[in-house]
Amino acid sequence: MASILLALSCALFGLAQQDSAIDLERAALVYGETEEAALEDDGKLWGVSLLGPILFADPRTRQAVANQPDEEGRLREEQGVFVGVLPEEVSIANTGLDWAGVRWTMVMWPLPEEHVARTLLVLHESFHRIQPRLAHGLGGPLALHLDSEAGRTWLRLELRALGTALAGPEERRRSALEDALVFRAQRRALYSDARATESALERNEGLAEYTGLVLCGLDERGRAARAAQRLRGEDSAASFVRSFAYVTGPAYGLLLDAHDGEWRKRIDAHTDLSELLARALAWRAPEELVAAAAERATRHGGAEVSEGERQRAVERARIEAANRARFVAGPVLLLPFGAGMNYSFDPNDVTPLAGAGNLYGNARVVDEWGVLDASGSRALFVLAQDGAYLAAQVPAPREPSARPLTGGGWSLSLAEGWTLAPGARAGDWKVVRAP
């Protein structure tokens, strides 16, 4: 699926970004590239066309550029596209967005310079726009077990095996694929919630990334090579609890394409991609799973991975103690979430804090009390027992009477009618409605 705009687009995107403003000509060019890819697919992948409203948004200026008008007249036509400014209550992220009467694919500007990378990104997010119309479910809680020493060890071995199964020597691919399934089975035998959390994230972000990869313009060999490269790149990632699905989902999707061409029609809200593949291969986990996993691990650098994760666990304990001191034990500002809360964050920077919540890097939260911007730091999301987010928690402000409020790496713009009140402990604060 070679784009006729490839040469022109590479030339344009090779130019250095001069400022944060969205270049309308470049935006229109990407809309054309995306439309071409979606038209070539014509709904064959999921039974639903990926054509639809796309909104590029600059998080610094909040400028928005769309490929069609909205339903409320907030965007104006200019140079063949539609431009405007997003209100503060809209969190800018790569996602599906309901705004101004339209269900949008929203993508943050600037986009990748490489044609394949940016087409993949926009189509990934286009999948999220149509996702509510599919029967795949809408994601789930973080796979917190993938921050443990054993969870990371067996996942890293699975990533290595999947890379070989996709793009390694032909004679090793089948055995490497079975190795990956063994490593996954061993990990899931250790953690009771592993299957549910992993499969939900793979159906969400994994299938979105698979969609972008299949339709981005690469041939079969190119897709396998790119997926294998991503697997290798994630081998020693700082956090896997959410980001793992961006690489395992496409890998299992491509392997399913090779062994079961009808697999996409059988996905529902409980499907596990690796189980679909195991059935297609008539594969079953060995009875002596522990011994088989240990033996197969030697083919993929098992000793090296185990030692690396042992050392990481020691460092992880030190970091966790520091995080607890900053976000839990020390003075904090508590911001309870309301029903209309929305937020954005870096999916590759999520750190579990056992018994308290999760630290999210580059987070921005919008609620009725205002806008919390922790884009230069981290905010602690406190979890309810059912997995729902209850509140954001950040280190206490330097000066509680200052407006806007600031702290270590965060700022808070309070909405009218809201103020601070003393919290549960000496030195703590919380946001409340003004009396």
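Reply: A residue is called buried under 20% relative accessible area, exposed over 50%, and partly exposed in between, using a 1.4 Å probe and protein chains only. The model is predicted, with local features needing pLDDT of at least 70 and side-chain atom pairs pLDDT 80 or more, while totals for chains, interfaces and linings use all residues. Residues are numbered from 1 along each chain as its sequence is written, and side-chain values use heavy atoms, leaving out hydrogens and water.

Me: Is Ala100 buried or exposed, and why?

Reply: Ala100 has 5% relative accessibility, so it counts as buried. Ala100 sits in the loop between strand 5 (95–99) and strand 6. Helices here are DSSP runs of H or I with at least four residues, and strands are runs of E with at least two, both numbered from the N terminus.

Me: What makes the phi of Ala100 worth a remark?

Reply: Its value is near 50 degrees, which is positive in a residue other than glycine. Most residues other than glycine have a negative phi.

Me: Why is Glu71 given its accessibility label?

Reply: Its relative accessible area is 60%, so Glu71 is exposed. Glu71 lies in the loop between strand 2 (63–66) and strand 3 (76–78). Not counting residues up to four places away in sequence, Glu71 touches Ala100, Gly101 and Val102; a contact means heavy atoms within 4.5 Å.

Me: And what label does Asp42 get, and why?

Reply: Asp42 has 59% relative accessibility and therefore counts as exposed. Its loop runs between helix 2 (24–41) and strand 1 (54–57). Asp42 also has a positive phi, near 55 degrees, in a residue other than glycine.

Me: Why does Arg403 get its own label?

Reply: Its relative accessibility is 45%, so Arg403 counts as partly exposed. Arg403 is in the loop between strand 12 (389–395) and strand 13 (405–407). Leaving aside neighbours within four places in sequence, Arg403 is in contact with Leu414, Thr419 and Leu420.

Me: How do you know which kind of peptide bond joins Arg403 and Pro404?

Reply: Omega is about 0 degrees, and the bond is cis. Pro404 is likewise placed in the loop between strand 12 and strand 13. Another cis bond runs from Trp109 to Pro110, with omega near 5 degrees. Pro110 is found in the loop between strand 6 (102–108) and helix 3 (115–130).

Me: What makes Phe337 and Phe381 an aromatic pair, and of which kind?

Reply: Rings of Phe, Tyr and Trp (its six-membered ring) pair if their centres lie within 6.5 Å; planes under 30 degrees apart are stacked, over 60 edge-to-face, and the rest tilted. The structure holds 16 aromatic pairs. The rings of Phe337 and Phe381 are 5.7 Å apart, centre to centre, with 85 degrees between the planes, and the pair is edge-to-face. This pair links distant parts of the chain, 44 residues apart: Phe337 is in the loop between strand 7 (332–336) and strand 8 (342–344), and Phe381 is in strand 11 (residues 370–383). Phe337 and Phe381 are both buried. Ring pairs also join Phe337, Tyr343, Phe345, Tyr360, Phe381 and Tyr389 into a cluster.

Me: Which residues of helix 9 are buried, and what covers them?

Reply: In helix 9 (residues 273–281), the buried ones are Leu273, Ser274, Leu276, Leu277, Ala278 and Leu281. Their cover includes helix 5 (173–190), helix 6 (194–215) and helix 8 (245–259). Just after helix 9, Ala282 takes a positive phi of about 55 degrees.

Me: How do you know whether the radius of gyration of the chain agrees with that of a compact globule?

Reply: The radius is taken over C-alpha atoms, and the globule rule is 2.2 Å times the number of residues to the power 0.38. For 435 residues, a compact globule would come near 22 Å, and the chain has 23 Å, which agrees. The C-alpha atoms fill a box of roughly 70 × 55 × 40 Å along the principal axes.

Me: And how much of the chain is buried?

Reply: Buried residues make up 54% of the 435 residues. The chain has 11 helices and 16 strands. Among contacts between residues at least 6 apart in sequence, 67% join residues at least 24 apart.
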